[in-house]
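Dear colleague,

I am handing over the structure we spoke about, and my notes on what was found in it follow below.

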Amino acid sequence: MSNLPPASPEHPEAFVHPVAVPRLTHWSNTIPSQWARYGLIVVLLATSFFAVWSSVTTGRLGQEAIASSVLSDHYTAAATAVAAAESLERLYRLEPGPQVLRRFNEAVQDLTRALGHIQRTGSPADHLLAQNVLTALTPFLDSVNKLFKAVDDGNDAEARRIDIDEGDPLFEKIEKVVLQAAADHHKESIVALEKLRTREAFNADSTPIVFIAGLLLAGLFAQVLRRTRVELDSQRKDALHASLHDKLTGLANRTLLADRFEQALRLGRRQGSTTGLLLIDLDRFKEVNDTLGHHYGDRLLDEIGRRLISEAREIDTVCRLGGDEFAILLPSVEGLEGALKAAQRLHKAITASFEIDGVELDVEASFGVVVSGVHGDDPSMLMQRADIAMYAAKKQGKGILAYDPGADRRSPERLAMLGELRRGLERGELFLEYQPKVSLSTGEVTGVEALVRWQHPVRGLVNPDEFIPFAELTGIIGSLTQYVLNLALSQVRAWADIGICIPVAVNISARNLLDDKLVVQIVDLLEQHNLKPNMLMLEVTESAIMLDSYAARTILRQLHAMGIHIAIDDFGVGYTSLAQLKDLPISELKIDKSFVLAMQSDQANELIVRSVVDLGHNLGMTVIAEGVETAGVLDALGDYHCDMAQGFHVCRPVSAKAFVQWYEERERK
Ligand code: C2E
Ligand code: CA
Ligand code: CA
C-alpha cells in the first residue's frame with residue numbers, strides 16, 4: 001500500500017506551515033568567491049615570499065662580498081709584506097744596521113700574520129696556499145739570515161752568491177704565489193661586489209612593482225569577494241521572497257498567508273478585533289486555459305491578482321493558493337458583515353470583463369467567507385470552513401456564501417470526523433470491498449466495483465455514505481480517491497498475477513473532476529502497478545459532471561483517450577440532458593438502484609429501466625443495473641436485454657479474498 005500524499009496545499013485541514021526559508025547558494029557565486037579568497041591568499045603569500053627571498057638572497061650576497069673583500073685585503077697585506085721584505089733585504093746589503101733588520105723582521109711578521117688570517121678566513125684552497133707559503137718561508141728566512149751574516153762580515157761576494165743562488169729562487173716562488181693569489185682575490189671581491197650591486201638594483205626595481213601588482217590583485221580579489229557577497233545577499237533575499245510568494249502573480253503564497261493569519265488572529269485576540277478570510281475559486285477558468293492556451297490563462301490570473309490587490313485594503317493579504325484558487329486575509333474587519341461587504345466588492349471587481357491581448361474574457365468566481373469568533377478561532381478550522389462555504393457557493397451557483405453552521409447542526413462533530421479521516425488514511429484504516437458485475441447473457445464476471453469502508457478505531461465500521469459526502473466538501477477527497485485507486489489497482493494486479501483478469505471500477509467524486517492532477521495520478525498508478533488502462537473503469541455521477549461540466553468533460557475526455565472506461569453512475573436521478581450525454585465519452589450507463597429495486601412493484605420504474613436500456617444501446621453504450629436483489633429482477637433485466645447486473649442477489653460487496661472464493665466457485669459451476 002502506498003503512502004498517501006503528505007499534508008499539502010490541497011488539504012486545508014493541514015493548513016499551518018512553518019515559514020521555512022530556503023538556503024540558496026548558487027555555484028556560480030560560490031566559485032568566484034572561493035577563487036577570490038584563494039587568490040587573495042596566494043597574492044599575500046607570493047608578496048611575502050618575494051620580500052623574504054629578496055632580503056635573504058641580498059643578505060647572502062652581501063656576506064659573500066664582505067668575506068671576499070676581507071680575504072682580498074689579507075692577500076693584499078701579504079703581497080705588500082712580501083714586497084717590503086724584498087726591498088728591505090736589498091736595503092740591508094747597501095745600508096746594514098739594526099733598524100733595517102728590525103723593519104725586515106716586521107715585514108716578515110706582517111706576512112705571517114696575513115697568512116694566518118688567510119688560513120682562518122679563506123677557503124680550504126686558501127688555507128693550503130697559505131700553508132705552502134709558510135712552508136716556503138722558513139728556508140727563505142734561513143738564506144736571508146745567512147746573507148745578512150755575510151753582509152755583517154763584509155763578505156760581499158758570499159752575500160751576492162747566497163742572494164742569487166738561494167734567496168732569489170725561494171723568494172720568487174713566494175712572491176709569485178702571493179701576488180697571483182692577491183690579484184685573483186681582488187678580482188673575486190670585485191665580482192662579488194658587482195653581484196651584490198646588481199641584486200640590489202634588481203630589488204630596487206622589482207620591489208615596488210611586485211608590491212603594487214600584489215596590491216592591485218588583492219584589491220581585485222577583495223572586489224570580487226565583495227561583489228559575490230552582495231550577490232549572495234540579494235539571492236538570499238530573492239529566495240526568501242520566492243519562498244513566500246507565488247511565482248506567476250507575485251502574490252503571497254500559502255506559507256505567507258498561514259504566517260500572517262496566525263499574526264492577525266493573535267493581534268485580534270489582544271485588540272478584540274475580528275479577522276476575516278475569503279476563499280475564492282474561479283469557475284470555468286479551465287475553459288480559458290484550454291480554449292485560449294496557457295498564455296491567456298496565466299495573464300488572466302495575473303490580472304485577477306492585480307484587481308484583487310487594487311480593491312483590497314493596504315493591510316489585507318491577497319494570496320494565490322495555487323491553480324485558480326485565491327485567498328484574502330482581512331485583519332480588523334467589521335464583523336461578518338464587513339467581510340461580506342469586502343467579498344462583494346472583490347467579487348464585483350473580478351467578475352467585470354478583462355481584456356487580454358484584444359480578447360475579452362469573463363470569469364465567474366465562488367467566494368467562501370469566514371470570520372474569527374463566529375466561525376472558529378484557529379487558522380486551520382477557519383480555512384476549512386471557508387473551503388466548505390466556497391464549495392457550497394459553487395455548488396449552489398451563489399457567488400458568495402458565508403460558512404453556515406446552522407446548515408449542519410452536527411457540524412463540529414463532522415469536522416472532527418474529517419480530521420480523523422485524514423489520520424485514518426494515513427494509518428491505513430480504510431479498506432476496500434469488491435462487488436462483482438456479471439453479464440446477463442453469459443453469466444461471465446465482467447468486472448468488480450471497489451467500495452470503500454472505514455474501520456474506525458472507536459466508531460467501528462463506517463459506511464461510505466457517512467463520510468464520503470463530507471470528504472467531498474474539502475480537498476481530502478483528493479487524497480481519498482488516490483488512496484482508493486491505489487488499493488484497487490494493486491488488487492487488480494494481484495488478481496491478474498493469479499490468473500483472474502478482471503477490471504475494477506472506482507467511484508470518482510464531483511470534486512475529483514475539478515482537479516487537474518487526477519489524470520496524472522491515474523497514469524502514474526497504472527504504470528506503478530503495470531496495468532493497461534482498460535483494467536480501470538471510473539464511475540461518475542451525473543451531478544458530478546454537471547458541477548463544472550466544462551472541466552469534467554475535459555478530464556473525462558483525457559481519460560477516455562487514454563483507454564480508461566467511464567460509467568455514468570446512478571443514472572436516472574440526475575438531470576443530464578440527452579444532448580450532453582451524447583457528447584460525453586461514456587461507455588457504460590449504470591441504472592440507479594432506486595429504479596431497479598422497485599422495478600417489479602412499480603410499473604413506472606419498470607418503464608424507466610426499459611427506456612434507459614434502450615437509450616443506452618441507442619447511444620452505443622453498455623447498460624448495467626445495480627441493486628439487483630432478486631432472481632425475478634435478474635430475469636426481467638435479461639428479458640429487457642440489459643447487458644449486466646450487480647447486486648446482493650449476485651454477490652454482496654466482499655473482501656478481496658472472499659471475492660476470489662466466490663469467483664472460483666462460480667467458475668466451477
Ligand atoms: P454506489 O456507487 O451507487 O455504490 C453502490 C452501493 O449500493 C454500495 O453501497 C453497495 O454496497 C450498494 N449495493 C450493492 N448491491 C446492492 C443491492 O442489491 N441492494 C442494495 N440496497 N444496495 C446494494 P456502499 O458501498 O454503501 O456505497 C455507497 C456509496 O458510497 C456508493 O454508491 C458510492 O457513491 C460511494 N462510494 C463508495 N465507495 C466509494 C469510493 O471509493 N469513492 C467514492 N468517491 N465514493 C464511494
Ligand atoms: Ca458506483
Ligand atoms: Ca450507483
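Which element gives the largest share of the shell around ligand 1? That share, 4 residues, comes from β9, where strands (E, at least two residues) and helices (H or I, at least four) are DSSP runs numbered from the N terminus. This is a predicted model, in which local features need pLDDT of at least 70 and side-chain atom pairs count only at pLDDT 80 or more, while totals for chains, interfaces and linings use all residues. Residues are numbered from 1 along each chain as its sequence is written, chains are lettered from A and ligands numbered from 1 in the order written, and side-chain values use heavy atoms, with hydrogens and water left out.

Ligand 1 is surrounded by 21 residues (a heavy atom within 4 Å), and the closest are Gln435, Arg453, Asp569, Glu629 and Phe648. At least two shell residues each are supplied by β9 (445-456), α11 (464-471) and β13 (565-571).

Among the polar contacts (N or O pairs within 3.5 Å), a nitrogen atom of ligand 1 lies 2.9 Å from a side-chain N or O atom of Gln435, and a ligand nitrogen is 3.1 Å from a backbone N or O atom of Val452. A polar side-chain atom of Arg453 is 3.0 Å from an oxygen atom of ligand 1. Taken alone, the ligand exposes 790 Å² (Shrake-Rupley, 1.4 Å probe), of which the protein buries 87%.

Best regards

Note on methods: A polar contact is a pair of N or O atoms within 3.5 Å; within protein, one must be able to donate a hydrogen and the other to accept it, and residues adjacent in sequence count only if both atoms are side-chain atoms.
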